[in-house]
Amino acid sequence: MSDHADLSGLLLSRIRDVADYPEPGVMFKDITPLLADPKAFDALTGALADVAHRAGATKVVGLEARGFILGAPVAVRAGLGFIPVRKAGKLPGATLSQSYDLEYGSAEIEVHAEDLGAEDRVLVVDDVLATGGTAEASLRLIRRAGAEVAGLAVLMELGFLGGRARLEPALAGAPLEALLRV
């Protein structure tokens, strides 16, 4: 069995399906058992740190909120800086913001304007790629800050929601790596 198959098996064994959450008909993928298992969490952060190295990243951006849980230890392990991308109104000081559309309405994310610059190659880290709206907004925000997008790395891609196709134009050739696809 390959290392990738070993990693996939370990990660999948620690992700719990929760039926009808947050609403009827949805099968929620709960990663908290994975986070509670030090061996699985270590394997996950190591795999994502490897992605950061392959992408030539100089910084890791984590998307609120589970992207913080994954992105911060990935940045430490890879020896890179960590930048949180937050919901609007949560960061003090000067920020850049990017709005994006949701199924019903819109949302806005922000980053500190001084945290990213032209010398940075940024890997975006999040737990799940679903429709891709938040990830797409983060890629635009990173470029508006003057930095280069090194790629996007996620624990899990929900392929049936079409996020990858939505993100391809925004990635502009930068890689999208999903450790698991469901």
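**Exercise 1.** Which residues are exposed on the other side of α6? Work from the predicted model, starting with the buried residues of the helix.

*Solution.* Step 1: Helix α6 spans residues 163-171, and its buried residues are Gly163, Leu167, Ala170 and Leu171. Step 2: These residues lie on the same side of α6, because they cover an arc of only 90° around the axis. Step 3: Ala165, Glu168 and Pro169 are exposed on the other side of α6. Step 4: The cover over the buried residues of α6 includes β7 (121-129), α5 (133-144), β8 (148-157) and β9 (176-181). Step 5: Just after α6, Ala172 has a positive phi of about 50°.

**Exercise 2.** Determine whether Asp127 counts as buried or exposed, and list its contacts.

*Solution.* Step 1: Asp127 is located in strand β7. Step 2: Asp127 counts as buried because its relative accessibility is 4%, and the cut-off for buried is under 20%. Step 3: With neighbours within four places in sequence left aside, Asp127 contacts Ile31, Arg66, Leu70, Val154, Leu155 and Met156.

**Exercise 3.** Describe the packing of α3 and α4.

*Solution.* Step 1: Two packed helices are described by the angle between their axes and the distance between the axes. Step 2: For α3 (residues 38-55) and α4 (residues 66-78), the angle is about 65° and the axes are 8 Å apart. Step 3: The crossing of α3 past α4 is right-handed. Step 4: Residues making the contact include Phe41, Leu44, Leu48 and Ala52 of α3, together with Ile69, Leu70, Pro73 and Val74 of α4. Step 5: By class, this contact comprises ten nonpolar, three polar and two charged residues.

How values were computed. Residues numbered from 1 in each chain as written. Predicted model: local features only at pLDDT ≥ 70, side-chain atom pairs only at ≥ 80, totals over all residues. Heavy atoms only, no water. Axes fitted to C-alpha atoms, helices over the stretch in contact; angles between N-to-C directions. Helix = DSSP H or I, 4+ residues; strand = E, 2+ residues; numbered from the N terminus. Left-handed = near helix turned anticlockwise from the far one by under 90°. Contact = heavy atoms within 4.5 Å. Nonpolar A, V, L, I, M, F, W, Y, C, P; charged D, E, K, R; others polar. Buried < 20%, exposed > 50% of the residue type's maximum accessible area, 1.4 Å probe, protein only. Arc of directions from axis to C-beta.
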